[in-house]
Amino acid sequence: MAWPSWLRWGLALPLLTLNLYVLRQLLLPLAPFPGLFLTAALIAFLLDIPSRWLNRRGLPRWLAILIVTLVTVGGVVLAGITLVPRLIDQLAQLINALPGWLVAAEAWVNRLQDLAASRGLPSEFGDLSSDLLTRVSRVASQLSQRLLAILGATLGITINTVIVLVLAVFFLLGGDAITAGLARWLPERWRQLVVSTITRTFRGYFAGQVLLALILSAGQIVVFTVLGIPYGVLFAVVIGFTTLIPYASALTIVAVSALLAVQDPRTGLEILAAAIGVGQVVDQVIQPRLMGSIVGLQPAWLLIALPLGARAGDLLGVGELLGLLLAVPVASCFKTLLDAWVDFRTEPE
């Protein structure tokens with residue numbers, strides 16, 4: 001006798017919660033290796049695209065993977081030699097300049113307080129400005145300490161990077177076999193749909209997002225350099241790569257513009273206009289050609305998926321950042337599979 005649907009759903013939620021709790025207890029002691037495995041899988045998804053393109057052009061699979069891997073490693077090394085030292089230098093200069101900017105911010109707060117007092121408005125900004133400056137000073141101090149800690153942990157970062165690259169190469173070489181082995185655990189009716197949905201969504205989403213981030217960073221580096229924006233390379237890279245997380249680049253642009261406007265309002269407006277202009281060109285001209293309708297989620301669902309992804313990444317021990325990066329494609333896959341399940345349930349027998 002079949003169980004009522006309300007009873008099946010009532011049992012499904014506790015079982016799902018129990019399984020997630022057990023998964024968390026298994027993953028947490030293994031940190032950071034789950035995060036490294038996921039990162040390697042994402043890199044393998046990205047490198048698989050040019051590898052398959054070369055394979056279709058007649059190159060053997062192993063040779064295509066070798067060429068793509070060598071080009072990728074060469075590009076990373078070239079960026080590390082040319083770009084990373086400049087980023088570190090500008091970040092150090094920014095940290096050293098923050099105390100002067102804090103003084104300028106306090107002067108702005110005092111002007112607002114005098115203006116409010118002259119117009120008979122509430123003008124008790126003293127505690128607010130003091131608390132704000134204290135918090136910003138603490139953040140600047142922590143940032144400088146973390147920068148030194150990151151530079152001091154170069155060996156650990158290098159080891160993790162090597163592990164990720166080696167895993168990514170193994171995933172590339174055995175990706176089809178791994179996928180087929182995992183797919184055997186699924187019901188036969190769903191195998192093709194699940195594999196094709198995950199492959200298409202993750203590969204298309206991350207390939208498009210990374211390419212957009214590189215294009216946006218390069219375009220803003222050029223524009224910021226021409227305009228003579230202080231710390232232009234650093235801000236361009238930060239704004240560009242925050243596009244990997246939906247809506248994060250807009251918040252970054254506002255924060256950077258406000259930060260520079262404290263010292264010079266004109267510079268703040270220039271970087272705001274330049275960043276918005278370059279971003280609009282990328283969003284309206286390039287993004288539709290790259291991304292299309294891969295995600296297929298409404299903005300409201302994106303806003304719900306992002307904090308849930310960050311929280312899930314933190315709970316499962318893979319990190320909030322990786323959770324944010326995975327939130328959108330996971331939510332898109334879930335929506336596609338849920339729509340297919342609903343269609344299956346409503347099909348006439």
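A residue counts as partly exposed when its relative accessible area falls between the buried range, under 20%, and the exposed range, over 50%. Arg52, at 28%, is therefore partly exposed. The model discussed here is predicted. A search of the whole structure gives three salt bridges, and Asp48, Arg52 and Arg61 are linked in a network of such bridges. The points below cover this network, a further salt bridge, the nonpolar cores, a surface patch and a loop residue.

- Asp48 and Arg52 form a salt bridge in which the closest N and O atoms are 2.5 Å apart.
- Both of these residues, Arg52 and Asp48, belong to helix H2 (residues 33-56), where they are four residues apart, about one turn of the helix.
- Asp48 also pairs with Arg61, the closest N and O atoms being 2.8 Å apart.
- Because Arg61 lies in helix H3 (residues 61-82) and Asp48 in helix H2, this pair ties together parts that are 13 residues apart in sequence.
- Asp48 has a relative accessibility of 6% and so counts as buried.
- Arg61 is partly exposed, its relative accessible area being 23%.

- Arg266 and Glu270 meet through their side chains in a salt bridge, with an N to O distance of 3.3 Å.
- About one helical turn separates Arg266 from Glu270, because the two are four residues apart in helix H10.
- Arg266 counts as exposed, at 62% relative accessibility.
- Glu270 is partly exposed, with a relative accessible area of 27%.

**Nonpolar cores**

- The largest nonpolar core has 18 residues, and Phe224, Phe235, Leu260 and Ile271 are those that touch the most other members.
- Two or more residues of this core come from each of helix H4 (84-118), H8, H9 and helix H10 (265-291).
- H8 makes the greatest contribution to this core, giving six residues.
- Ile271, leaving aside neighbours within four places in sequence, is in contact with Phe224, Ile229, Phe235, Val256, Ser257 and Leu260.
- These contacts of Ile271 include Phe224, Phe235 and Leu260, which are also among the core residues that touch the most other members.
- A second, separate core has 17 residues, among them Leu244, Val318, Leu326 and Cys333.

**Nonpolar surface patch**

- On the surface, Leu11, Leu15, Leu18, Tyr21, Val22 and Leu26 form a nonpolar patch.
- Together the residues of this patch have about 590 Å² of accessible area.
- Leu11, one of the patch residues, is placed in helix H1 (residues 5-27).
- The relative accessible area of Leu11 is 38%, so Leu11 is partly exposed.

**Loop residue Thr242**

- Thr242 sits in the loop between helix H8 (232-241) and helix H9 (248-263).
- A polar atom of the Thr242 side chain lies 2.7 Å from the backbone oxygen of Ile239.
- Not counting residues up to four places away in sequence, Thr242 touches Ala248, Ser249 and Thr252.

Note on methods. Residues are numbered from 1 along each chain as its sequence is written. This is a predicted model: local features need pLDDT of at least 70, side-chain atom pairs count only at pLDDT 80 or more; totals for chains, interfaces and linings use all residues. Side-chain values use heavy atoms; hydrogens and water are left out. Patches are made of residues with over 30% relative accessible area and no salt bridge: like charges are joined within 9 Å, nonpolar side chains (Val, Leu, Ile, Met, Phe, Trp, Tyr) within 5 Å. Accessible areas come from the Shrake-Rupley method with a 1.4 Å probe; for residues, only the protein chains shown count as cover. A salt bridge is a side-chain nitrogen of Lys or Arg within 4 Å of a carboxyl oxygen of Asp or Glu. Buried means under 20% relative accessible area, exposed over 50%, partly exposed in between (1.4 Å probe, protein chains only). A polar contact is a pair of N or O atoms within 3.5 Å; within protein, one must be able to donate a hydrogen and the other to accept it, and residues adjacent in sequence count only if both atoms are side-chain atoms. Contact means heavy atoms within 4.5 Å. A nonpolar core is a set of buried Ala, Val, Leu, Ile, Met, Phe, Trp, Tyr and Cys residues joined through side-chain atoms within 4.5 Å.
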